[in-house]
Amino acid sequence: IVEAASKEHAGMFQMARALFQRVPVLGALFCEILACQGLSTLLNVCFVTKLSSSMPDDQERAGWMGRFYATTNVVSSIVQFFIL
């Protein structure tokens, strides 16, 4: 059973590799997604680090972060559903 599962896994990997070779745009999209996720994570870590140094109180910081993300999500929703 283990060998059959590993062969199936290897088959899926080969199929995915063939697809990426056949459609080069997928490789570019993959690289774009990796770059965006990496930069987003880096930006979030820098933001949280700076915020924690400027707001040492955990409760105050948690409240501020909640309001910040709520406001960001409301604005994003308005832009996505009503403007675009």
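Visitor: Is W64 buried, partly exposed or exposed, and why?
Guide: W64 counts as partly exposed because its relative accessibility is 30%. Buried means under 20% relative accessible area, exposed means over 50%, and partly exposed is in between, with a 1.4 Å probe and protein chains only. By the way, this is a predicted model, where local features need pLDDT of at least 70 and side-chain atom pairs count only at pLDDT 80 or more, while totals for chains, interfaces and linings use all residues. Residues are numbered from 1 along each chain as its sequence is written, and side-chain values use heavy atoms, leaving out hydrogens and water.

Visitor: OK, so where is W64 found?
Guide: W64 is in helix α3. Helices are DSSP runs of H or I with at least four residues, strands are E runs with at least two, and both are numbered from the N terminus.

Visitor: What separates W64 from L51?
Guide: Their C-alpha atoms are 9.7 Å apart, and W64 and L51 lie 13 residues apart along the chain.

Visitor: How many helices and strands are there?
Guide: The protein chain has 3 helices and 0 strands, running α-α-α from the N terminus on.

Visitor: Switching topic: how many salt bridges turn up?
Guide: Searching the whole structure gives 1 salt bridge, meaning a side-chain nitrogen of Lys or Arg within 4 Å of a carboxyl oxygen of Asp or Glu. The side chains of R61 and D58 meet in a salt bridge, at 2.4 Å from N to O. Side chains of opposite charge can pair when their charged atoms come close.

Visitor: Why are R61 and D58 about one helical turn apart?
Guide: That's because they sit 3 residues apart in helix α3.

Visitor: And R61, buried or exposed?
Guide: R61 counts as buried, because its relative accessibility is 18%.

Visitor: How much of the protein chain is buried?
Guide: Buried residues are 5% of the 84 residues.

Visitor: What about the radius of gyration?
Guide: The protein chain has 21 Å, whereas a compact globule of 84 residues would be near 12 Å. That radius is taken over C-alpha atoms, and the globule rule is 2.2 Å times the number of residues to the power 0.38. The C-alpha trace spans about 55 × 35 × 25 Å along its principal axes.

Visitor: Last one: where is I83, and is I83 buried or exposed?
Guide: I83 is in helix α3, residues 58–83. I83 counts as exposed because its relative accessibility is 62%.
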